[in-house]
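Have a look at the model below, then read on.

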Amino acid sequence: MVAGSRITSLVFSLWLVGLLGVSSALAENRLADSASDYLRDHADNPVDWYPWGEEALALARREDKPLFVSVGYSTCYWCHVAERELYEDPQIAAKMNADFVNIKIDREQRPDLDRALMQATGVLTGGGGWPNNVFLTPALQPFFAGSYFPPQDMPGREGFPAILERIATDWRADRAEILTTAEQATAQLRERTAGSEGVAPERIDPERWRRQAVETLRGEYDALVGGFAPAGQSSRFPQSPRLALLLAASGTGSESPDSDEMLDQTLAAMSIAALFDHVGGGFHRYTVDPEWTVPHFEKMLVDNAQLLGIYAAAAEQREQPWFAHVARRTTEYMLGRLAADEGGLYTAEDAAVDGIEGESYVFTRTEIESLLGDRAEAFLDLYELVALPESRVDHALPDGGVLNLRPGVALEHLAQGELAETVAGLEPALAVLRDYRDQREQPRRDRKRVAEFNALAVMGLSQAAQRQDRGDWNEAAVALGEWLWSDLWQAGEQRLVRQRYEGVASGEGFLSDYAAAGRAMLTLYASQHDYQWLFRAQRLAGAIRARFVDEQGRFHERPAVMREQAALPVTPPLVGDEVTPAGVSHAVVFLLDLGALLDNRVMQEQAVRGLAAVAGEVDAAPADWGFLVAELSRPSRATVVRELADSLAAETPAASGPGATRDHVAVEAELVDDGAAIAVRLVIAPGFHVNANPASEDYLVPTRITAVDGALGAIEYPEGQPFRAGFARSAIDVYDGELRIRAPVAQGRVPTRLKIDLQACNDEVCLPPDEVEVPVRGR
């Protein structure tokens, strides 16, 4: 009878699916092969999802349908709720498929689209959050937006089915009001993304920016429990760039007492309460209460990578053993739970198990007493369980509370410098709880390994290793840097991809990927004194110049190839250092530091030109650019920035140092052998050389000839001559003096122009890689 009931139920379900026009419900949709766990979570929805791209955009134009674009990420709890309650519902899916073109976006794959669509939601609603759901016209103009939509109407809230029905009816019957809203919203977006017109050079003053930023943070600071939030906001986020600013401001001048107080109290509050996972280590994404006691349980690599470095630096600066303990436990979490077997670190860990948020993390008092026995009383004298708040939408809660240190007791131990030692005495009890918790079903991890996030981890690990004298952490940082380079850098294209997923590297890298990776290479060069890291940093600097810098010297967050593709009618907005440093912030600091190492004033001038393009935004709200202001206000950088800003204002070129590769290599090309080949002649300046092809090391740029148009056959490059620089460990093969290379023409397709990849070096320094285009004479 049971089996018969199941068959009847299945037949009914198949009939219902066919009746509702969602025959794809039993098959996977277009997201099945996505390089994203978040998108794959929606692969078996009955919704006919598309990834963002021209196929979906063209369909909306062709069928004159609005777009429903939903942005989220794999560890977003409410994104998972929406997937279960809305997108698995055949009736809701049928309505979505009939009247809309539906697009899913993983915000960590496409931060540019995420920013643009979040700003659209801000214009339309005054708020924002994830999931971020935006309805757009086929012309990509937003007209309605929201976050989590309930599956049915609730008091004061319209349910998702009603929203779909209302928008579809208005679009078909009388879309005038929709179009008016869309045009007004788009106009506001264009106005907001226009950017500032810059500031006078004397306004580019990193030390003044730091003082103003600290003053702003004082106004936002919660003196009772630490942290920063606007009035009325209950949730608390760590805001690492702002903490980095306070760390840089500590001990620097009149603002130091304020910055010291805000830094000490915030770092203490975050790590004593439950933003910090006392059992498993590492930090959760945020807490739902201002006292930091109840987390939203997901954990993100970007947070932990930055907080690791901040706590390690604060431990040294403030001579606080507890901060060193927090850094150690954060490192253990990252290298344990987030490490991929094949290299790199995963992006995040989920908040929920079986749809219940916090299920794997909480304990009951009975469990603790049973597990610890006689040790339970002493343990609970230091720790307490905080109950989870009731869900606003009647979702299931796990049985138990979340572990916090008792604030009064913990703060007393902290003030005496004894908290780390006291907690260490309870480590056997914590280990018992950890082993017990590890036996539960564990939250799923987001298996993307993202360049930017892993670069932040390299820097955090390396800096913590130096401060705490941990050779094993240093080895982990080096291994992570090697993975970043070997798995995500594509030498043939001089290109860094955004991510690796299931063994496949994919996605265009953004400025934040390239520049953060460059800073990671410089960090490893500083710790290892191995020139391969410096050479790799130079490769990344050359790629930044080629892909992200326009003719006016401005940095763009997206590479040129993406800026030329189909996009929203507005440029993704420039944002400051929010959860992580902005790409432009990374780039400015990276090029300043690399230029200093290479004595390359031109590179540093490029950094300041890029800074000048965003200086209006920084000057208006320096606290929103915490990382950038912190790094630029360091004395060595502040002096260079002011000097170069004055030089640019006077339109006086700065001293150029050794210049660029093309300044030391002359190139010409001529058609020979009755059009069968092209003779390429290189004249290399005395004292300089270029790398042979093949290059002796993977981080060196080989001299390479390619056709801009037409086609070339296989080129036999001459053998190089061995050369060993004074700073190098071994000799490499190079070309110097005058060199001729024969490039055969393929299939009669004679190129009109050639591109030559070069990197010039002398006995002291290697210049950034260069691409030189030359015409082919004699055609």
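First, the rule: a salt bridge here is a side-chain nitrogen of Lys or Arg within 4 Å of a carboxyl oxygen of Asp or Glu. Keep in mind that this is a predicted model, where local features need pLDDT of at least 70 and side-chain atom pairs count only at pLDDT 80 or more, while totals for chains, interfaces and linings use all residues. Residues are numbered from 1 along each chain as its sequence is written, and side-chain values use heavy atoms, with hydrogens and water left out. By the salt-bridge rule, the count comes to 64.

**Asp 487 and Arg 500**
- These two form a salt bridge, with 3.2 Å between the closest N and O atoms.
- The pair links distant parts of the chain, 13 residues apart: Asp 487 is in helix H20 (residues 471-488) and Arg 500 is in strand S17 (residues 495-501).
- Helices (H or I, at least four residues) and strands (E, at least two) are DSSP runs, numbered from the N terminus.
- Arg 500 is buried, at 18% relative accessible area; buried means under 20%, exposed means over 50%, and partly exposed is in between (1.4 Å probe, protein chains only).

**Arg 637 and Asp 593**
- Here the side chains meet in a salt bridge at 2.8 Å, N to O.
- Arg 637 sits in helix H27 (residues 635-649) and Asp 593 in helix H24 (residues 583-598), so the bridge ties together parts that are 44 residues apart in sequence.
- Arg 637 counts as buried at 14% relative accessibility, whereas Asp 593 is partly exposed at 25%.

- Glu 668 and Arg 777 meet through their side chains in a salt bridge of 3.6 Å, N to O.
- That pair links distant parts of the chain, 109 residues apart, with Glu 668 in strand S19 (residues 665-672) and Arg 777 in strand S28 (residues 770-777).
- Both ends are partly exposed: Glu 668 has a relative accessible area of 32%, and Arg 777 has 42%.
- Shared partners join Glu 668, Glu 670, Arg 681, Glu 738, Arg 740 and Arg 777 into one salt-bridge network.

**The open sheet**
- An open sheet is formed by 4 strands in the order S23-S24-S21-S27, with antiparallel pairing; two strands pair if DSSP finds at least two bridges between them.
- Strand S23 (721-723) and strand S27 (760-761) are the edge strands, each pairing on one side only.
- Strand S21 (residues 689-691) pairs with strand S24 (residues 732-735) in the antiparallel sense over 2 bridges.
- Val 690 stands opposite Tyr 735 in S24.
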